Amino acid sequence: MNNVSLIGRITQDLELRTTGTGKDVVGYTLAVNIDKATTEFINCTTFGDMAKYMNQYCKKGDQIAVNGQLRTSQYTDKENKKHTNTYVLTNRVMFLNNKKETKVETQVNAPSVEKTKVEIPDSELPFWWNLD
């Protein structure tokens, strides 16, 4: 069985790319807290429509949950050294929250802060998406 589930924060703004076969893809690193003193940085790759949604709605610092499979790829650099990359090939991504929303929620009790609710229809932003 090869199944990986992680919750973490995106470490950089996403950049949507297109493969040679025309598939949309985003690659990103997820910072996953192991305990209070330890954070692991896990490379992830997402393809298809979910990659488009992530590029549109996610940014550095947003918290997401991913489910997928652990994969490895190998390449040889210009100096003829072999390298191996390990990453999670996602098949599901769930948008949990972002740092900006969290800050607004923590300030809601202050009298000078107004809370604005933005609703996005499910048809535009599915929060649980299967890339099958």
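A residue is called buried when its relative accessible area is under 20%, exposed when that area is over 50%, and partly exposed in between (1.4 Å probe, protein chains only). By this criterion, 27% of the 132 residues of the protein are buried.

The model is predicted: local features need pLDDT of at least 70, side-chain atom pairs count only at pLDDT 80 or more, and totals for chains, interfaces and linings use all residues. Residues are numbered from 1 along each chain as its sequence is written, and side-chain values use heavy atoms, with hydrogens and water left out.

The protein contains two helices and seven strands. Both kinds of element are DSSP runs, numbered from the N terminus (helices: H or I, at least four residues; strands: E, at least two). Their order along the sequence is β-β-β-β-α-β-β-α-β.

Strand β3 (residues 24-35) pairs with strand β1 (residues 4-10). Pairing requires that DSSP find at least two bridges between the strands. The β1 and β3 strands are antiparallel and share two bridges. Here R9 lies opposite A31 of β3. Strand β2 (residues 17-18) also pairs with β3, in the antiparallel sense and over two bridges. R17 faces V25 of β3. The hairpin of β2 and β3 has five residues between the strands, and in it G22 adopts a positive phi near 90°.

On to β4 (residues 38-47): ten bridges join this strand to β3, and the two run antiparallel. A31 has F41 as its bridge partner in β4. In a regular strand, side chains alternate between the two faces of the sheet.

Helix α1 spans residues 49-57, and its buried residues are M50, A51, Y53 and M54. These residues lie on the same side of α1, because they cover an arc of only 160° around the axis. The arc is taken from the directions from the helix axis to the C-beta atoms.

The charged end of K23 sits over the ring of F47, 5.7 Å from the ring centre. This assignment requires NZ of Lys or CZ of Arg within 6 Å of the ring centre and within 35 degrees of the ring normal.
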